[in-house]
Amino acid sequence: MKARVTVTLKSGILDPQGKAIEGALRSLGVRGVASVRQGKVFDIEIEATDRAGAEAALKNAAEKLLANTVIENYRVEVT
Amino acid sequence: MKSAVLVFPGINRERDMARALRLMSAREPKMVWHADTALPAETDLVVIPGGFSYGDYLRCGAIAARAPVMDAVRAFAQQGGLVLGVCNGFQILCEAGLLPGALMRNAQLRFICRDVFLRVERSDTPFTRGYNAGQVIRVPVAHGEGNYIADGETIARLEGEGRVIFRYSSPDGMIDPNWNHNGAMNAIAGILNERGNVLGLMPHPENHVEASMGCTDGRGLFAGLVEHLQAAA
């Protein structure tokens, strides 16, 4: 099964990289960019018999390693 | 002082740390590989040095924090053993959940390598008895992710319980955004765990221990640890 785990910074956590990208987009003349937050995407192939099992394994992976839940949220999508 | 220095792939300050420990304690520290599952018998100080464990992949310290040796470090800390994490070591302790909060990208987004001034907030800890409270010391930093962050409740607890041990300051001890090079909340440079036996700090006291380094302000930390462990023995 193919899956995607998306990790994003929690709201309220300052994101200096996102701010720098936001500034760069403005200086490139890209209009209408109100704000940018940078995150991470993990595309994972997982062996599982059913969707629920895959989701549980990926949730475990996110909690244990992929996300630092002190500062980040994560979302699991199995396709 | 029987110290153990953890070694992870990508760590590069372990020899500086070993040199400082040897100099200050007159004992050879044991180097402990990340895949080991036990610490050397009679270890009384575990040190996690600086560097770039696992190339800072994923997040600084994230992968090292889950290495086999960290279970032994966790058990050691639970028994009251002293643990010191410097720079990447501080990041690893946060990622391992042994210290609260996290270290984010420096506010100015630059890797900063230079001397900074630290105000020592307390002298009544095993790590700082070699200093006076309020004393300002000069030590080098070398990091891109040293911007300490935690939620409001955690910051309030750290402050309320006196667990902020080192703060970035001016040479005369004033807390000022101009002297907080990485943008850390409350100018936090180093914190203690709840029990007071685990310390993490971003700057490198081990690099200011010999006259040839141009400054010896880092000696107090090691001298204090030696004194503490002698008194406890």
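Tutor: A nonpolar core is a set of buried Ala, Val, Leu, Ile, Met, Phe, Trp, Tyr and Cys residues joined through C-beta atoms within 7 Å. The model discussed here is predicted.

Student: Which residues have the most contacts inside the largest nonpolar core?
Tutor: The largest nonpolar core has 75 residues. Helix 1 of chain B gives the most to this core, with five residues. The residues with the most contacts inside the core are B:L93 and B:L118.

Student: Leaving aside neighbours within four places in sequence, what is B:L118 in contact with?
Tutor: Sequence neighbours within four places are left out of the list for B:L118. The partners are then B:V136, B:I137, B:V139, B:F166, B:R167, B:Y168, B:S169, B:A189 and B:P203.

Student: How many residues of helix 3 of chain B are buried?
Tutor: Helix 3 of chain B spans residues 88-95 and is mostly covered. Its cover includes strand 3 (45-48), strand 4 (82-86), strand 5 (102-104) and strand 11 (198-201) of chain B. B:L93 and B:E95 are among the buried residues of the helix.

Student: Which residue just after helix 3 of chain B takes a positive phi?
Tutor: The phi in question is about 80°. The residue is B:G97.

Student: Are helix 1 and helix 5 of chain B parallel, perpendicular or oblique to each other?
Tutor: The axes of helix 1 (residues 14-25) and helix 5 (residues 219-232) of chain B come within 9 Å and cross at roughly 55°. Angles under 35 degrees count as roughly parallel and those from 65 to 115 as roughly perpendicular. Helix 1 and helix 5 of chain B are therefore oblique.

Student: Which residues of helix 5 of chain B meet helix 1 of chain B?
Tutor: The crossing of these two helices of chain B is right-handed. On the side of helix 1, the residues are B:A20, B:L21, B:M24 and B:S25. The contact residues of the two helices divide into six nonpolar, one polar and one charged. Those from helix 5 are B:R219, B:F222, B:A223 and B:V226.

Student: Why is B:Q230 classed as exposed?
Tutor: B:Q230 is placed in helix 5 of chain B. B:Q230 is exposed because the number within 10 Å is 10.

Student: Which element gives the most to the side of chain A that touches chain B?
Tutor: The contact takes eight residues from chain A and 10 residues from chain B. The residues on the side of chain A divide into six nonpolar, two polar and no charged. The element that gives the most, with three residues, is helix 1 (residues 16-27) of chain A.

Student: Which residues of chain B does A:N68 touch?
Tutor: A:N68 is found in the loop between helix 2 (51-66) and strand 3 (72-78) of chain A. A:N68 is buried, with 20 other C-beta atoms within 10 Å. The residues touched are B:R59, B:A62, B:E95 and B:A102.

Student: Is B:Y54 buried or exposed?
Tutor: B:Y54 has a positive phi of about 50° although it is not a glycine. Its place is in the loop between strand 3 and helix 2 (69-78) of chain B. With 20 other C-beta atoms within 10 Å, B:Y54 is buried.

Student: What is the phi of B:L58 near?
Tutor: B:L58 also lies in the loop between strand 3 and helix 2 of chain B. B:L58 is partly exposed, with 17 other C-beta atoms within 10 Å. Phi is positive in this residue other than glycine, near 70°.

Notes
Residues numbered from 1 in each chain as written. Chains lettered and ligands numbered in written order. Predicted model: local features only at pLDDT ≥ 70, side-chain atom pairs only at ≥ 80, totals over all residues. Axes fitted to C-alpha atoms, helices over the stretch in contact; angles between N-to-C directions. Helix = DSSP H or I, 4+ residues; strand = E, 2+ residues; numbered from the N terminus. Parallel < 35°, antiparallel > 145°, perpendicular 65-115°, else oblique. Left-handed = near helix turned anticlockwise from the far one by under 90°. Contact = placed C-beta atoms within 7 Å. Nonpolar A, V, L, I, M, F, W, Y, C, P; charged D, E, K, R; others polar. Buried ≥ 20, exposed ≤ 12 C-beta atoms within 10 Å, placed from the backbone.
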